Amino acid sequence: MLLLPLMAWPQALANEEFIEGFPDVPKLDIVTSIENEPVIFDTSSGTVAEVSLRLSATVQEALSQYSAALKGLGWACKKSSANIRCTR
């Protein structure tokens with residue numbers, strides 16, 4: 001689960017950063033990493049990664065922007081009032 005308007009998003013990816021620990025989740029301009037983040041470890045059932053980010057936008061703006069950006073990268077996202085759940 002992930003706690004972005006982009007018509008030409010795929011072309012923009014060549015110059016974009018991704019969130020550390022999440023190599024396929026873009027780091028949008030509205031987020032700032034918090035020191036000592038992320039926490040990443042491997043388990044027998046896969047990798048577990050968790051990150052906390054500061055927002056420079058409202059939660060609703062962030063949810064909308066990330067939903068749009070992730071859909072552009074092939075994710076299927078369901079948005080509620082408090083979060084988005086994206087899977088691939």
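**Core and surface of a predicted model**

Q: Which residues touch the most other members of the largest nonpolar core?
A: This is a predicted model. Its largest nonpolar core holds 15 residues. Those that touch the most other members are Val25, Tyr66, Leu70, Trp75, Ile84 and Cys86.

Q: Which element supplies the largest share of this core?
A: Two elements, helix 2 (59-72) and strand 6 (84-87), each give at least two residues to the core. The largest share is four residues. That share comes from helix 2.

Q: In what order do the elements of the protein chain run from the N terminus?
A: The protein chain has two helices and six strands. Read from the N terminus, their order is α-β-β-β-β-α-β-β.

Q: What percentage of the residues in the protein chain is buried?
A: The protein chain has 88 residues. To count as buried, a residue must have under 20% relative accessible area. The buried share is 26%.

Q: Which residues form a nonpolar patch on the surface?
A: The patch has about 240 Å² of accessible area in total. One of its members lies in strand 2 (residues 39-43), namely Val39.

Conventions: Residues numbered from 1 in each chain as written. Predicted model: local features only at pLDDT ≥ 70, side-chain atom pairs only at ≥ 80, totals over all residues. Heavy atoms only, no water. Buried < 20%, exposed > 50% of the residue type's maximum accessible area, 1.4 Å probe, protein only. Patch = residues over 30% accessible without salt bridge, like charges linked within 9 Å, V, L, I, M, F, W, Y side chains within 5 Å. Areas by Shrake-Rupley, 256 points an atom, 1.4 Å probe, with all protein chains shown as cover. Salt bridge = Lys/Arg side-chain N within 4 Å of Asp/Glu carboxyl O. Core = buried A, V, L, I, M, F, W, Y, C linked by side-chain atoms within 4.5 Å.
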